Amino acid sequence: MWADAAADAARCSGSGGSGSPALPLPDGYPNGRALCPLCLRFVALDADDRIAEHDTADPADTPDEARRRREWLNTNGW
């Protein structure tokens, strides 16, 4: 059994790393966001082209976002 005290931090350690907008699919997805190399989520970039602070998972991610991320990864790899 896991306890919150022993759990990993939710914040992805890729937060704050350098990044660049991922290649877009024909419809523009992922809309200027960068692919975090650690958690493989698309994350906004800050004004200094750093990956914005984010968690390794987002319970608000929709099934459509997961489908689009799979489509992007199948098209572009990682």
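**Figure 1. The buried face of helix H1.** The buried residues of H1 are Glu65, Arg68, Arg69, Trp72 and Leu73. Seen down the helix axis, these buried residues fall within an arc of 135°, so they line one face of H1. The arc is taken from the directions that run from the helix axis to the C-beta atoms. On the other side of H1, Pro63, Asn74 and Thr75 are exposed. Buried stands for under 20% relative accessible area, exposed for over 50%, and partly exposed for values in between (1.4 Å probe, protein chains only). The model is predicted: local features need pLDDT of at least 70, side-chain atom pairs count only at pLDDT 80 or more, and totals for chains, interfaces and linings use all residues. Residues are numbered from 1 along each chain as its sequence is written, and side-chain values use heavy atoms, with hydrogens and water left out.

Figure 2. H1 covers residues 63–76. At 1.5 Å a residue, its 14 residues should span 20 Å, and its end C-alpha atoms are 20 Å apart, which agrees. The expected span is 1.5 Å times one less than the number of residues. The buried residues of H1 pack against strand E1 (34–35) and strand E2 (42–43). A contact here means heavy atoms within 4.5 Å. Gly77 follows H1, and its phi is positive, near 70°.

**Figure 3. The whole chain.** The protein has one helix and two strands. Along the sequence they follow the pattern β-β-α. Helices (H or I, at least four residues) and strands (E, at least two) are DSSP runs, numbered from the N terminus. Of the 78 residues, 27% count as buried. Among contacts between residues at least 6 apart in sequence, 54% join residues at least 24 apart. The accessible surface comes to about 5,400 Å², of which 52% belongs to carbon and sulfur atoms. Areas come from the Shrake-Rupley method with a 1.4 Å probe; for residues, only the protein chains shown count as cover.

**Figure 4. Aromatic pair Tyr29 and Phe42.** A search of the whole structure finds two aromatic pairs. Tyr29 is buried, at a relative accessible area of 4%. Phe42 is buried too, at 5%. Rings of Phe, Tyr and Trp (its six-membered ring) pair if their centres lie within 6.5 Å; planes under 30 degrees apart count as stacked, over 60 as edge-to-face and the rest as tilted.

**Figure 5. Aromatic pair Phe42 and Trp72.** Phe42 is buried, and so is Trp72. Phe42 also pairs edge-to-face with Trp72, at 5.1 Å centre to centre and 80° between the planes. Phe42 lies in strand E2 and Trp72 in helix H1, so the pair ties together parts that are 30 residues apart in sequence. Tyr29, Phe42 and Trp72 form one aromatic cluster.

Figure 6. The side chains of Glu71 and Arg68 meet in a salt bridge, 3.1 Å from N to O. Both lie in H1, three residues apart, about one turn of the helix. Glu71 forms a salt bridge with Arg67 as well, the closest N and O atoms being 3.6 Å apart. Glu71 and Arg67 are four residues apart in H1, again about one turn. An α-helix has 3.6 residues a turn, so residues three or four places apart point the same way. Glu71 is partly exposed at 33% relative accessibility. Arg67 is partly exposed at 40%, whereas Arg68 is buried at 10%. A salt bridge is a side-chain nitrogen of Lys or Arg within 4 Å of a carboxyl oxygen of Asp or Glu.

Figure 7. The structure holds 10 salt bridges. One of them joins Arg69 to Asp61, with the closest N and O atoms 3.5 Å apart. Arg69 is buried, with a relative accessible area of 16%. Asp61 is partly exposed, at 27%. Arg33, Arg41, Asp58, Asp61, Glu65 and Arg69 are linked in a network of salt bridges.
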